[in-house]
Amino acid sequence: MTDYFNEMYETGKVRAPYARLENWTKCMPAELRQMKQAEAEALFRRIGITFAVYGEGGDPDRLIPFDMFPRVFAQAEWRKLEKGIKQRARALNAFLLDVYGRAEIVKAGKVPAALVYQNEAYERAVAGFTPPRGIYSHIVGIDIVRTGPDEFFVLEDNCRTPSGVSYMLENREIMMRMFPQLFRENRIEPVDGYADALRRTLASVAPAKCDREPTLAILTPGHFNSAYYEHSFLADLMGVELVEGQDLFVEGGFVWMRTTEGPKKLDVIYRRLDDAFLDPLCFRPDSMLGVPGLMDVYRSGGVTICSAPGAGVADDKAIYTYVPEMVRFYLGEEPILQNVQTWQCAKPDDLKYVLEHLAEIVVKEVHGSGGYGMLVGPKSTKEQIETFRAKIEANPDNYIAQPTLALSTTPTFVEEGIAPRHVDLRPYCLVGEKIELVPGGLTRVALKDGSLVVNSSQGGGVKDTWVLAE
Amino acid sequence: MLSRTAENLFWIARYIERAETMSRLLEVGARIALIPSSGHGYRSEWESLLQASGTAEGFAEKYGDPIQRNIESYLFFDRDNPSSVISCIERARENGRIVRTALTAQVWDALNMAFQEIRQLERKPRSEIELTELTEWTMRQSALVRGAIEATLLRNDGYDFLNLGFALERADNTARLIDVKYYVLLPAVDFVGTGLDNYQWQVLLRALSAHRAFHWAYGGEITAAKIADFLILNRQSPRALIAAITAASDSLEALAEAYGKSGPEQMRARALVAELAELRAEEIFEEGLHEFLTRFIRDVGELSDMVYNAYLSGEAR
């Protein structure tokens, strides 16, 4: 059996960041724990933090399981992570600006042209256009796993519209409400500046034609979207309108909101919908969610769209392999955060290796997400492996593979008491006039014993994530 | 405020008011069904109540003959009936979810709890639920939503759109209830002023939770003129047409002031209030109660359209 790094206990001793939590759990009998757990759930339901799942029957409003045992980082650990995350966010944005411009990195032979220009996420419609401040990805979610005291790896980058930040904020709210003494005993860096930082970031990329305090809005696909709660939560915290495509129209080179007092000009759109749905005149003609003519206004500098259309080309699993190279190429620095070793099935040698080692490795679809369409070799039956082998052989370009990582564990409340469960981390890096990162993020936990898949659609839960002050 | 937000708020109020009207209608029907008829058996006014709720056609298509149990299901739990209590509550709550940020936690709680509870009720075997339990439950939920709005909501344009929705829906519903009494319930004009006529008026008062109030306000014999005065022209009666139209006009004036501009919708509402204020019950009967109510319902419909065009359509300039 693999030896997993336990973030709380190392060789039987409690690691420093968790020192004060040991006593906390000792003072919490099972009944109190159950009571608190029920209280937390009631709070979540009451506030309405659910993710909506339509079309599967049953209650459309589901809760993501919340684990009360916090995940803790020491200040020194966080500082290193923070530097690495910001570095990566800068490199990804530099790459985007480059591939929609002169494409120096392709000319230098560092990234294959086909991976960029034949990428589904590459938007020809914005080639040659430079968005305000040259920023494409304003909210970068970087998924990080840990395998040892000092070993952090980036699992994937999310440059489009990473979700889950509302859980980071609400998990903290609820922990502070239920266990105020924990926050007196531990000096924990606050995360509630996120909404302000997000608003500052969005306002800082207002288009050139905006000559006053910019009007911001969040564009949502609508209330049937599973992340609708998060959209409305963020709009509320920032004090901006939550709009749907039908609320907007284009006229005279600007985007306007339909309000009860007449049209109101909109300057910056934080969109939570995919490129394909933004503008039926430019992308999918059958989309009812977007705004006809939006892209024309965007390209003429009448409105800023965050993240910029086309940002997705930086975050698919095939481009991922080249991110360390981007750091060296654009920033002249060595990458602080490492990639996980990745085999690209598109390459014959890699494909050969992958097919020979399917039982030991993890295979993912290049464009997959949410934990769907992947094979976890060591956790799969012979049959599942053979089915997947056929899929890879049929379309090798569509797959990448990585070694099965020994994901770290943190103590988690389970039915029998407290047990180690595997976790990952998604911090949210904001890129505008400044690059900002609130000290914290979303920790996802695989609640099933032995499971390495932390996605909420696959039985994962969430935890509050602490960064201790010095 | 986004036009779509205003529209959702407006409809939250209309759905809640409509759910209450539906449950009141159910209560009236059940009450009448307990009264022995002049020959043998019991009276049944279910047919006319279906007419009143505007659901007679849909019901006939689905169930055929009006049998009480089926009517209860249709008016309360049936999602195929867009005016059923469950349809109204679910849509009010869904609209609330869409405009979550325009509501306070308390208002959302009230809408959400009603939704959770009616889904519980729905799962209970019907034989275990008394009809009065359902109607009282509905009125309680509606009171909770109104109370939460009154106690916690910011007095901004959103508050005005909610109140406008309540007022216009109520004006329409009360007018329809009165009209049904006079036009549908009563078999022939000869019955006017007879015992049957008076009994039906009493039932109508009950449906509007107003029979006690009526006696306090007027005393003596129930006459058509007194009741028409009470339900149409008396500002003290909260469901009277004049009270509902005045409330609508007040909300429209508040919006005009907040937005610094006034339009045909404010003028129309003021004209309607003025007309009712000068009217006397005798004049209504001279015109014909049914004719008057038909005109009134059309006026309210036109006012709603004006509100839609001015604020909710998103076409405002």
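Reader: How many residues of chain A are in contact with chain B, and how many residues of chain B do they meet?

Author: The model is a predicted one, and contact here is judged by C-beta atoms that lie within 7 Å. Counted in that way, the residues on the two sides of the contact between chain A and chain B number 19 from chain A and 17 from chain B.

Reader: In what order do the four strands of the open sheet in chain A lie, and which of them are the edge strands?

Author: The pairing in this open sheet of chain A is parallel, and the order of its four strands is S9-S8-S13-S14. Neighbouring strands of the sheet are turned against each other by 30° on average, with direction ignored. Pairing on one side only marks the edge strands of chain A, which are strand S9 (241–243) and strand S14 (304–306).

Reader: Which residue in S14(A) is the bridge partner of Tyr270(A)?

Author: Strand S13 of chain A, residues 268–271, pairs with S14(A) in the parallel sense, and three bridges join the two. For Tyr270(A), the bridge partner in S14(A) is Cys306(A).

Reader: Which residues have the most contacts inside the largest nonpolar core?

Author: This core has 212 residues, and its largest share, 14 residues, comes from helix H1 (residues 3–32) of chain B. Leaving aside residues up to four places away in sequence, Ala248(B) touches Leu164(B), Ala167(B), Leu168(B), Ala171(B) and Ala269(B). The residues with the most contacts inside the core are Leu92(A), Leu241(B) and Ala248(B).

Reader: Why is helix H11 of chain B largely enclosed by the rest of the structure?

Author: Among the buried residues of H11(B) are Ile227(B), Asp229(B) and Phe230(B). Helix H11 of chain B, residues 224–233, is largely enclosed by the rest of the structure because its buried residues number seven of the 10.

Reader: What is the radius of gyration of chain A?

Author: Chain A contains 13 helices and 25 strands. The globule rule gives 23 Å for 470 residues, and chain A comes close to that value, so it is as compact as a globular protein of that length, with a radius of gyration of 23 Å.

Definitions and conventions:
Residues are numbered from 1 along each chain as its sequence is written. Chains are lettered from A and ligands numbered from 1 in the order in which they are written. This is a predicted model: local features need pLDDT of at least 70, side-chain atom pairs count only at pLDDT 80 or more; totals for chains, interfaces and linings use all residues. Two strands pair if DSSP finds at least two bridges between them. Axes are lines fitted to C-alpha atoms, for helices over the stretch in contact, and angles run from 0 to 180 degrees between N-to-C directions. A nonpolar core is a set of buried Ala, Val, Leu, Ile, Met, Phe, Trp, Tyr and Cys residues joined through C-beta atoms within 7 Å. A residue is buried if 20 or more other C-beta atoms lie within 10 Å of its own, exposed if 12 or fewer, and partly exposed in between; C-beta atoms are placed from the backbone. The radius of gyration is taken over C-alpha atoms; the globule rule is 2.2 Å times the number of residues to the power 0.38.
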